[in-house]
Amino acid sequence: MTTNYLEPIKCDVLIVGGGVIGLASAYELSRAGAKVVVIDKFEPGYGCSYGNAGWITPCFAMPLPMPGMLLKSFKWLLDPESPLYIKPELSPTLISWLLRFMASMTESKMLASVDALTQLSKQSLDIYKHLHATAEKKFSFEQKGLFMVAQTDDGLKYAKSEMELVARNGVPGRLMLEEEARAFEPSLTKRIKGGVFFDQEAHAEPLQVTQMLAHEAIKLGAKIISKAEVIDFQTGANGITAARTTRGIFQADQFVLATGSWSHKMGQTLRLKIPVLGGKGYAIITDPLAKNPQRPMMLVEKKVAVTPRNGTLRLAGTLELVNQDETFTTRRVEAIVRGAREFMDVPDSIRYHEIWRGLRPCTPDGVPVISRTARYPNLILATGHQMLGLQSATGTGKLVSDLTLGKPTDVDPKPFRADRF
Ligand SMILES: Cc1cc2nc3c(=O)[nH]c(=O)nc-3n(C[C@H](O)[C@H](O)[C@H](O)COP(=O)(O)OP(=O)(O)OC[C@H]3O[C@@H](n4cnc5c(N)ncnc54)[C@H](O)[C@@H]3O)c2cc1C
C-alpha cells in the first residue's frame with residue numbers, strides 16, 4: 001500500500017457494495033449502534049438492485065437448481081431463447097459452477113433450500129411492512145398478492161406443486177381454474193388453464209427501496225460513499241485491516257462484502273473462492289396495456305414476471321449464466337415481450353420506456369452466502385441472492401448485523417454458511 005493517500009477513514013464496519021443487500025445491512029447495523037460506512041464503485045442502488053421486477057414474494061422462494069432440471073439444462077444449452085440459457089464455454093469457473101449446480105438438483109437439497117429461503121423471505125416481508133409504515137422516506141410498496149398463471153396442463157401442475165411446496169412453510173396459495181382465473185384477472189385475454197393466487201405477497205419499486213434504506217441508514221449515522229471502488233485489501237494477523245479504494249483507504253474492525261455478481265472477482269483479491277456467477281436478466285418498462293394487469297403475475301411457461309407500475313408496466317425475465325458479461329442480446333429482450341403476448345393483449349406498437357439488464361448473483365446451490373469466513377475472522381460475506389435479492393434483503397441485513405455483532409440470529413444461519421463450498 002502506498003503512502004500517497006489522504007488520512008484513512010475509520011469505522012466499526014465497512015460494507016463494500018451499496019446494492020439492496022449492502023444497504024439493508026447498513027440499515028440494520030446502524031440501528032444496532034455500529035458506526036458504518038458503505039462504499040460503492042458506482043452510485044449505490046444502480047447494480048442488479050436497480051431495475052428488478054420488485055417482487056417481495058415468499059411463495060417464490062425457490063433455489064435455481066431444482067430436481068428434474070438436468071435434462072432441461074442440456075436443451076437450454078442449445079436454445080439461446082430459453083428462459084435459462086447457459087452459453088457453452090470451456091471455462092474452469094463455469095464448469096466447476098455447473099458441476100455443483102447439477103449436484104444440487106436433489107429433492108432433499110431443494111427442500112432444505114426452500115425452507116431456508118422462505119424463512120428469510122418471510123422475515124424480510126415483515127421488515128418491509130414495518131419500514132413502509134414507519135420510514136421517513138416513502139417508497140412504493142403494495143401487498144396485492146402474486147398470481148402464477150399457466151397455459152398448459154404441465155404449467156398448472158407446476159404451479160400447484162409450487163403451492164404445495166411453500167404451503168409447508170406457511171405460505172398459502174389458492175388454485176383457480178380457467179374461468180375463475182380469467183374473471184379474477186381480466187388482462188389474461190389469451191388461452192389459459194388456470195393459476196394459483198398467493199394473497200400475502202407484495203411488490204415495491206426497487207430503486208426506491210434502496211434509496212429508502214440508504215436514507216434510513218444515514219439518519220442513523222451511516223456514511224455512504226459513491227464511486228469508491230475497492231482495489232485491494234490490507235490484511236494482518238487478525239484478518240482484514242483496510243480496504244484500498246479509488247477514493248482513499250478505509251480502516252474498519254469488521255468488513256462486509258456485498259458485491260453481488262462482482263463477488264467472485266472480489267474474492268480473488270482476498271484469495272477466497274466465492275462461487276458466484278451472473279444470471280443475466282432483462283426488464284422492460286412499457287406503456288400500460290389497454291387491459292392492464294391488476295396485480296403482479298408470473299407467466300409460468302415463459303417465466304416472465306409482469307409487474308404493474310404507476311402508469312407503466314414492467315416485464316422481466318430470462319436468465320443467462322455469464323461471468324461478468326453485460327452485453328445486450330436483443331432477441332432475449334424480444335422473447336420476453338413475445339412471451340407476455342401469449343397471455344395478454346400486447347400490441348405490436350407498444351413503446352419501451354426503458355430496457356435494463358442486470359446480473360443476478362447466483363451460487364450453484366441457489367442459496368446465498370451470509371456468513372463469516374474461515375480465512376478472515378472479521379469478514380462477512382453477504383452475496384449470491386440469485387432471483388431473490390430484493391425479497392430477502394431486509395432479513396439478510398438483520399442476519400448480517402447479528403453475525404457481525406455476535407448476537408443470536410433470528411433465522412438459522414447454517415444453510416447460508418460459506419464453508420459449504
Ligand atoms: C430481470 C431481473 C428481475 C429480478 N426480479 C427480482 C424480484 O422481483 N425480486 C427479487 O427479490 N429479486 C429480483 N431480482 C434479483 C435481485 O435484483 C438481486 O438478487 C439483487 O439486486 C442483488 O443485490 P446485491 O446488493 O447483492 O447486488 P447489486 O445490486 O448488484 O449490488 C452490488 C454492488 O456492489 C458494487 N461493487 C461491486 N464491486 C465493487 C468494488 N470493487 N468496489 C466497490 N463496490 C463494488 C456494485 O457497484 C453494486 O452496486 C431480479 C434480477 C433481475 C436481473
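Strand β19 (residues 369-372) and strand β20 (residues 379-383) run antiparallel and are joined by 4 bridges. Strands here are DSSP runs of E of at least two residues, and helices are runs of H or I of at least four, both numbered from the N terminus; two strands pair if DSSP finds at least two bridges between them. Within this pair, Val-369 has Thr-383 of β20 as its bridge partner. The model is a predicted one, in which local features need pLDDT of at least 70 and side-chain atom pairs count only at pLDDT 80 or more, while totals for chains, interfaces and linings use all residues. Residues are numbered from 1 along each chain as its sequence is written.

Strand β9 (residues 202-204) is joined to β5 by 2 bridges, and His-203 in β9 is the bridge partner of Glu-142.

The largest nonpolar core contains 124 residues, of which Leu-14, Val-16, Val-36, Val-149 and Val-256 touch the most other members. Helix α4 (residues 107-134) gives the most to this core, with 8 residues. Such a core is a set of buried Ala, Val, Leu, Ile, Met, Phe, Trp, Tyr and Cys residues joined through C-beta atoms within 7 Å, where buried denotes 20 or more other C-beta atoms within 10 Å of the residue's own, with C-beta atoms placed from the backbone. Not counting residues up to four places away in sequence, Val-16 touches Ile-39, Val-230, Ala-243, Phe-255, Val-256, Leu-257, Ala-258 and Thr-259; contact requires C-beta atoms, placed from the backbone, to lie within 7 Å.

How values were computed. A residue is buried if 20 or more other C-beta atoms lie within 10 Å of its own, exposed if 12 or fewer, and partly exposed in between; C-beta atoms are placed from the backbone. Two residues are in contact if their C-beta atoms, placed from the backbone, lie within 7 Å.
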